[in-house]
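I opened this notebook to record a few look-ups on aromatic contacts and on one helix. The entries follow in the order in which I made them.

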Amino acid sequence: MSNMQFSVNPEAVISNIFNTDIQARMYCKCKYSHDPEEFLKALKRYEDANIIGIPTVTSFMKKYPNVFKNTHLITSRHNVFEDITSLAPYFYTNVADDKIKSTMNIIGDVSEEEIENMQAFFQDFHQLSENPEIQAIIQETEAYKREIQRLWKRNESEVLNYIEEILGYKPEIQGETEINVMCPNVNTNKVVYGPSHTKTNSQKTYFLFSEREATSSPEKIIASIAHFVVHQQILPYKLTMTKEKKETFHAFIKFLTNKEIYYMLKQDSFSPLEVVTPRENAKVMAKVYPYWLGYRYRMDTNPVDQITKAIARDKAYVHTLAKTSKKRKLYEDYAFDQLDAHKIAKFTATFFKYKKNRTLYEWNDAIRLQDSDNIYKKEDGLKTIPDEECSK
């Protein structure tokens with residue numbers, strides 16, 4: 001079983017509320033700067049979704065213009081509360097304020113004199129959790145945390161067994177990890193590291209997490225947590241990995257967890273590609289996709305047949321998406337028609353011929369994304385799906 005704890009950190013939740021409120025307002029301001037009517041409509045949509053316009057939050061932001069109107073801390077591209085939320089592991093320690101001040105100084109280039117003038121802000125920020133309106137949000141988040149925790153515990157064994165089946169061995173669970181649950185009015189998905197554990201001298205890993213309930217599903221939540229467990233406790237990056245190898249390895253983890261676990265759990269799912277992962281690098285995912293299929297079905301009695309079926313399944317799903325949709329665009333480099341199931345299976349079988357239990361690390365090291373001869377029917381390689389085929 002995974003070494004997993006679940007918690008709610010009120011000050012992290014509050015900071016994340018500020019972060020998402022600012023992000024939403026800045027997004028509307030940038031996108032509709034020349035259309036006041038659409039700008040107001042967009043703000044209203046966010047307000048109806050309870051992302052902006054929480055009275056206590058709005059009044060607090062107005063009370064401290066030296067923070068919330070400080071262009072060093074709040075810009076259209078970034079705001080300091082995203083960084084403050086990442087300090088969740090340090091909240092309620094005696095170094096919390098020092099960490100926040102240091103972040104303001106480094107990220108926003110705010111002078112020590114300016115920070116000294118923010119003492120009232122820090123004091124009131126720490127007391128926000130006592131406000132009845134904020135307390136109601138924290139209680140909602142606590143209930144959401146209990147729901148997620150029950151969901152994971154109920155499915156944990158099945159998920160980890162499935163992952164072991166694909167990996168071909170029972171991995172060792174390592175490290176200390178904790179899921180800090182955020183308010184479910186927005187999507188939050190971020191890994192941060194806390195101070196070293198005094199006994200083990202190892203860093204504890206935290207997952208700041210929430211899935212907007214209106215668009216989420218239990219299967220997606222479980223798959224997201226599985227990603228965190230696998231990537232932090234089972235298959236973490238190795239220090240020797242290059243940036244490119246980290247990117248491809250992370251793509252494998254996304255296919256293994258977010259997409260495959262979702263597909264396994266959701267029985268009416270059309271394809272694993274239904275899931276779009278946070279900050280998905282579509283081009284890297286497209287290049288890794290055939291190698292993932294080779295790895296996924298390497299131990300099957302007829303891998304060619306399974307790979308062929310998977311390609312047909314995923315291609316059919318992509319064809320159901322609107323041609324102009326953002327989601328369709330994510331899959332434009334998958335080149336389903338150019339993939340050769342026989343080549344993929346043969347290349348994979350050759351690698352695993354003498355050592356069936358080679359690890360995903362070794363497979364990631366072995367593949368060369370530029371060697372299209374191993375997986376494609378033609379040397380001209382990556383092509384998008386012809387538009388005229390989409391209606392068939």
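I began with a charge over a ring: the charged end of arginine 298 sits over the ring of tyrosine 295, 3.8 Å from its centre. I applied the rule that NZ of Lys or CZ of Arg lies within 6 Å of the ring centre and within 35 degrees of the ring normal. Lysine 238 likewise lies over the face of tyrosine 361, at 4.3 Å from the ring centre.

I note that the model is predicted, with local features needing pLDDT of at least 70, side-chain atom pairs pLDDT 80 or more, and totals for chains, interfaces and linings using all residues. Residues are numbered from 1 along each chain as its sequence is written, and side-chain values use heavy atoms, leaving out hydrogens and water.

I then searched the whole structure for aromatic pairs and found 31. Rings of Phe, Tyr and Trp (its six-membered ring) pair if their centres lie within 6.5 Å; planes under 30 degrees apart are stacked, over 60 edge-to-face, the rest tilted. The rings of phenylalanine 270 and tyrosine 317 are edge-to-face, because their planes stand at 65°, with the centres 5.9 Å apart. This pair links distant parts of the chain, 47 residues apart. Phenylalanine 270 is partly exposed at 38% relative accessibility, whereas tyrosine 317 is buried at 6% (buried is under 20% relative accessible area, exposed over 50%, partly exposed in between, with a 1.4 Å probe and protein chains only).

Conventions. Helices (H or I, at least four residues) and strands (E, at least two) are DSSP runs, numbered from the N terminus.
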